[in-house]
Amino acid sequence: MVEATLEPADRARETDNPHSLVAHFDSDRPLKLDAGVELCPFQIAYQTYGKLNAQRTNAVLICHALTGDQHVANVHPITQKSGWWETLVGPGLPVDTERYFIICANVVGACMGTTGPASTNPKTGHPWGLDFPVITVRDMVRAQAMLVDHLGIESLFAVVGGSLGGMQVLQWTVSYPERVFSALPIATSTRHSAQNIAFHEVGRQAIMADPDWRQGRYFAEGTNPRRGLAVARMGAHITYLSDAALHRKFGRRFQDRANPTFSFDADFQVESYLRHQGITFVERFDANSYLYLTRAMDYFDIAADHDGVLARAFKGTPTRFCVISFTSDWLFPTADSRAIVHALNAGGARVSFAEIVTDKGHDAFLLDEPEMLAIVRGFLDGAARARGLMR
């Protein structure tokens, strides 16, 4: 496996001084964490697109998934690739930057400018590493609410996200129901399954088994657990796809050869593809952040905070919902989305639901899925009329 060329120090500079907007919160405005500690000072890196209207009623918060960041609709400063949701967010697109004011923030615990384990601990002058407190999805949403306050926005027109982003959407509607007019949780669940926790643990163990991990002190010791993080990414990426998608794209075709090499080289195209995914991932992501964010997903369980009864979490909510799932998503299957819908119905919420037939797997929400794009556009158009947002 060819190693990435980006050094830890280069990524650390992006972590502390990102190429995006940054909101700073000093000791007088700490972030109170579920772990029972306060994080202060801390910062949130974010991007905005479009213009906030005079009434401040057209703001849309985009919540990113596990390996995403705030660069939802602009060129990424490290990879130089276009925004990760360019099919959905932009001028004239369903989340229209000419109509709405879009906010996308890097979550707490991540590594693209919001305070996380790769950030500099102000008390030591060195990266936090594993001294950083363990965070939850609810902590991420608390931080986002502080950012929304910082921007002078009382309520959000919509909160939109898929996977981990969808978890944040759901948490927003539970923690701040009066501040969310409409919600679009896509390809997600109200809790992480045992199988998904197991997949995450395999990835974490791959990182921690890398001798360059150094008990999370790799920045201080001048190493980088590239191999472990790449393997974690490879394993996770398989769960984002489907058997049909892998077969359609790769089948059993060999990579640049007609016959097997009878070695452990990347004989098959699918092997080469996964290795490429691992290599490119370590160029832009921090290994410790991967540990923290996967653990946050594992801890997520909305019903647990309501005596195990999910409907109680949404009882009387004023938010209108559109829940979307995909037939080939085995990471967050349609049954998870139906459970959300049933709980919302029991809680008296206004909710619509769509299961989209596709063989693209979990990652379908990030791809050009015409039916999903049409549903999102239609739902937001209807919500905009109800909100009184004129074109």
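With a relative accessibility of 0%, His64 counts as buried (under 20% relative accessible area; over 50% is exposed and anything in between is partly exposed, using a 1.4 Å probe and protein chains only). The model is a predicted one, with local features needing pLDDT of at least 70 and side-chain atom pairs pLDDT 80 or more, while totals for chains, interfaces and linings use all residues. Numbering starts from 1 along each chain as its sequence is written, and side-chain values use heavy atoms, leaving out hydrogens and water.

His64 sits in the loop between strands S5 (59-63) and S6 (89-90); here helices (H or I, at least four residues) and strands (E, at least two) are DSSP runs, numbered from the N terminus. Beyond its neighbours within four places in sequence, His64 is in contact (heavy atoms within 4.5 Å) with residues including Asp69, Trp84, Asn106, Leu164 and Gln168. Its side chain also reaches the backbone nitrogen of Val107 at 3.1 Å.

Turning to H10, this helix runs over residues 334-346, 13 residues in total, and spans 18 Å from first C-alpha to last, close to the expected 18 Å (1.5 Å times one less than the number of residues). Its buried residues are Thr334, Ser337, Ile340, Val341, Ala343 and Leu344. Among the elements covering them are helices H3 (164-175) and H9 (310-313), plus strands S13 (320-326) and S14 (350-356). After H10 comes Gly348, with a positive phi near 80°.

Over in helix H4 (residues 194-209) lies Phe199, which is partly exposed at 34% relative accessible area.

Key
Polar contact = N/O pair within 3.5 Å; in protein donor to acceptor, adjacent residues only side chain to side chain.
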